[in-house]
Amino acid sequence: MIRLRITAGICSLFFLTVIFEAIRRRKLMEKHALLWIFCGILVFALSIFPEPLIRLSEALGINYLPILLLFSFIFLLLIVLYFSIALSRLSEKNRELAQEIGILKLKLSNTEKKNKNG
Amino acid sequence: MQNKKVLIILPAYNEEENIGKVIEDVRKNIPTADILVVNDGSLDSTAKAAKDKEAAVIDLPFNLGIGAAMQAGYKFAYREEYDIAVQCDGDGQHPAYQIKNLIAPLLSNKADIVVGSRFLGSFGYRSSVWRQIGIVLFSKLLSFITKERLTDTTCGFRGLNKKAIKSFSIYYPCDYPEVEALVLAHKEGLRITEVPIRIYRRKQGNSSIGFFDSFYYTIKVLIAVVIDLFEETPLRKEKPV
């Protein structure tokens with residue numbers, strides 16, 4: 001049991017580090033970042049203190065969790081994190097485009113006015 | 001305002017009722033300044049109301065949120081080489097006669113960013129208890145981070161010089177940007193000063209921060225500020241704006 005806790009703890013710490021690095025490099029939008037920080041801390045807490053999870057699994061009648069499932073879960077988590085990063089990048093570009101359009105529209109209307117008057 | 005190019009930026013979302021009056025108020029008080037309205041994808045005819053008053057309008061194609069709208073204004077100010085930019089709410093909360101006071105520290109080069117404070121001086125500003133707690137919390141936190149005495153870090157009535165305009169045009173936080181912008185500015189080495197101001201109660205429309213959002217706002221900004229402290233600094237990755 002204690003070994004499982006250590007393994008899970010290390011995995012979730014790795015996960016938290018990936019999240020933190022992504023945020024620090026501005027790869028994650030704040031909206032997503034908050035969610036991921038919360039998620040990372042929850043996973044870490046549950047890996048150190050798994051009692052609530054164990055109680056839940058007993059209540060559901062599950063008492064054997066194949067290691068494969070654990071790995072696929074971590075794998076999926078990383079994929080979703082990657083999507084979150086990609087989405088942040090797209091939103092950023094989208095924002096820049098919208099700002100440019102706004103500024104260009106202003107310049108265009110100024111030029112048109114000048115042409116009319118000149 | 002000895003031949004300094006001054007731009008007053010008014011971000012506006014669904015403010016067709018107020019924006020005309022705000023523009024008139026600014027023009028009356030600082031006739032030499034240019035006025036830029038950033039219409040953040042309003043559903044009403046805010047853009048038309050502003051154009052009717054002969055203000056320049058950045059008409060964003062859809063709603064981007066206050067942070068991105070302000071940044072569009074700063075990008076414009078930076079490219080058009082304004083010496084000073086003033087950010088002022090488009091709903092008439094910030095009476096324009098105070099702009100001269102606000103930008104005085106910029107003109108005398110005592111600061112790079114001037115923030116209006118509702119609490120300095122004897123004007124006495126009251127708000128709901130929860131909002132007040134949030135405001136005090138952030139002021140204490142920001143005073144600690146910047147080692148300056150700051151009393152009102154959530155106020156959106158601000159003046160910036162060229163250096164600050166450049167910084168904000170490169171990076172400006174997205175939602176609820178006021179507190180975070182100050183942390184980033186401090187990391188950038190910009191000098192921040194406060195000036196006492198007075199605000200008016202809103203007449204029409206809804207403020208962007210409702211009562212029930214106060215709690216979420218506080219937690220969100222708190223975490224964002226902590227993240228900002230670890231982030232790479234904005235002027236660091238110079239890219240052409």
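How many salt bridges are counted between chain B and chain A? In this predicted model, the count between the two chains is three. One of them joins Glu80(B) to Lys107(A), with the closest N and O atoms 3.2 Å apart.

On the side of chain B that touches chain A, the elements giving two or more residues are β3 (56-59), α3 (66-79), α7 (177-187) and α8 (213-230) of chain B. Helix α8(B) supplies the largest share of this side, namely seven residues. By residue class, the side of chain B that touches chain A comprises 20 nonpolar residues, one polar residue and 13 charged residues.

The extent of the interface was considered next. The size of an interface is often expressed as the accessible area that is lost when the parts come together. For chain B and chain A, about 2,500 Å² is buried between them, and 57% of this area lies on carbon and sulfur atoms. Chain B contributes 34 residues to the contact, and chain A contributes 22 residues.

Within chain B, Glu178(B) is located in helix α7. Glu178(B) counts as buried because its relative accessibility is 13%, below the cut-off of 20%. When residues up to four places away in sequence are not counted, Glu178(B) touches Thr153(B), Thr154(B), Cys155(B), Gly156(B) and Arg158(B). Glu178(B) and Lys75(B) are separated by 103 residues in sequence and, from C-alpha to C-alpha, by 17 Å in space.

Two helices of chain A were also described. Ile19(A) belongs to helix α1 (residues 2-24), and its relative accessible area of 1% is the reason why Ile19(A) is classed as buried. Apart from residues up to four places away in sequence, Ile19(A) touches Leu28(A), Trp36(A), Ile37(A), Gly40(A) and Leu81(A). Ile19(A) and Leu78(A) lie 59 residues apart in sequence, with a C-alpha to C-alpha distance of 9.5 Å.

Helix α2 of chain A spans residues 30-48. The buried residues of α2(A) are Glu30(A), His32(A), Ala33(A), Leu34(A), Trp36(A), Gly40(A) and Ser47(A). Among them, Trp36(A) and Gly40(A) are also touched by Ile19(A).

Definitions and conventions. Residues numbered from 1 in each chain as written. Chains lettered and ligands numbered in written order. Predicted model: local features only at pLDDT ≥ 70, side-chain atom pairs only at ≥ 80, totals over all residues. Heavy atoms only, no water. Contact = heavy atoms within 4.5 Å. Buried area = accessible area lost by both parts, 1.4 Å probe. Salt bridge = Lys/Arg side-chain N within 4 Å of Asp/Glu carboxyl O. Helix = DSSP H or I, 4+ residues; strand = E, 2+ residues; numbered from the N terminus. Nonpolar A, V, L, I, M, F, W, Y, C, P; charged D, E, K, R; others polar. Expected span 1.5 Å × (residues − 1). Buried < 20%, exposed > 50% of the residue type's maximum accessible area, 1.4 Å probe, protein only.
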